[in-house]
Structure formats: structure tokens, C-alpha cells
Amino acid sequence: MTARGEVFLQALGAEAERLHPQLLAQMRAVAPARDRAEGVFEVAGSRFGRLSALGRPVVGPRMLVTRFGREVPFTLTLRCGVTASGRATLDTTREFRFRGSTQYITDRLTTTVRPGIVHNELGARGRVEMLEHCSVTDDGALRMRTRRVALRLAGRRIPLGGVFGVDVDLEDGWDESRGRRTIRMRATNPLFGTVLEYRGWYRYVDREDGVDHAPGRSAAQ
């Protein structure tokens, strides 16, 4: 059995104890075979719109978002695993339900031998790779910041830096008053500024007796 947040627990090590108690409990919980979360992004997408699609032939599908919206419902589908060498993995699909269009971003996180560092392969083909540093904020949220970015293309690994680089800053926290997870991500480029962002909230969905129940929310909410 694998813990839901095993990738982050291994990366953070002893620092994981500084996570908000609700986050830590959810990460330590055994991951179900069908793990899913539902939420709403207050803001989500790319302000470059359809221009973002110009990069799809290079990075492949399920990485770029070509819409921007507010109050965007979304679903997270997660699958925990282990590599042949015993490193924890986490596959995530983010489903953005924009009005008139549903779009997806997928990635795979894998722990590394370096403390605090996880390896991220983005998109359906994993052509974009990131090394991301995991830490805990003063209010107990998980924070991930980009350290290195590379593009795998035609059998080559091409480091991306300077005007070609992307800095991703993500925080996954806890809203005490509403009993739900919070999420905030911004990807910026030195030349173009913010190229992708989303912020909002979500709850894991547990299936009991064939009915979906979101932790921290009653049937009347």
C-alpha cells in the first residue's frame, strides 16, 4: 500500500512534520485505487489563448492550455506508484472544464536521491522535464519551485534557461475555515511574463457505498 503523498513525504523528509496537520494526514493516508479530487479555480489558464497551441508540436499533447477563465470547475485524477528502483511516483491529470472546452495537463512526479528535489515529466509524452524543490511555508503549505528545466526532443536533452526558461511556483495549502485544500500555481517566463496560472480550492472525493463524499463537506453543502 502506498501513501497518497508518498512523493512529497520522501522529498520533504523530517520537514514534512511542519505541514498543516490536515495536509499531513491526507498525505499519509493510503491512496485508493481510484483517487480523485474536485474543485473550482477562481482563475485558470493562459492569457495567450490560442497562441499557446503553437508550442504543441514541440511539447506534445496534454501540457498546454489555450483558454483563460474564471470560476472554472476542475478534476484531479491521481495514481501513486513505485519505479523499478523503488522511488515513489505520482501521476496527475488536471481536467479544466472551461465553458465550451475541456482541456488537460498531465505530469509524473518522481522522487530523487537529492533531498527536497522531485523530478517532473510534463505532458503526455514527457518531453518537458523539471527539477522542483519541495519545502513547507510558514503556514504549513507545500511549496514547489522550479530549479531546472529541459526539453527532450529527437533523442536529445536540451537545457532551457534565460529567455527560454520557465519558473513554476506552486503552493498547496489548507483553508481552515472551509475545511478544504487550496492551490495556487504561476508559471512565468522572463520575456513573456505569466504564461500559465491557476488558483482555487479542491477536496478529495472518497467513494462510500457508491456515493461520492468530499471530506470536510456535508451533503447539504
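Biologist: In which loop does Ser52 lie?
Modeller: This is a predicted model, in which local features need pLDDT of at least 70, side-chain atom pairs count only at pLDDT 80 or more, and totals for chains, interfaces and linings use all residues. Residues are numbered from 1 along each chain as its sequence is written, and side-chain values use heavy atoms, with hydrogens and water left out. Helices (DSSP runs of H or I, at least four residues) and strands (runs of E, at least two) are numbered from the N terminus. Ser52 lies in the loop between β1 (35–45) and α3 (56–59).

Biologist: Is Ser52 buried or exposed?
Modeller: Buried means under 20% relative accessible area, exposed over 50%, and partly exposed in between, using a 1.4 Å probe and protein chains only. Ser52 has a relative accessibility of 14%, and therefore Ser52 counts as buried.

Biologist: Which salt bridge does Glu17 make?
Modeller: A salt bridge is a side-chain nitrogen of Lys or Arg within 4 Å of a carboxyl oxygen of Asp or Glu. The side chain of Glu17 meets its partner at 2.4 Å, N to O, and that partner is Arg28. The pair links distant parts of the chain, 11 residues apart, with Glu17 in the loop between α1 (6–12) and α2 (21–28), and its partner in helix α2 is Arg28.

Biologist: How many salt bridges does a search of the whole structure find?
Modeller: One of them joins the side chains of Arg36 and Glu38 at 2.3 Å, N to O. The search of the whole structure gives a total of 23 salt bridges.
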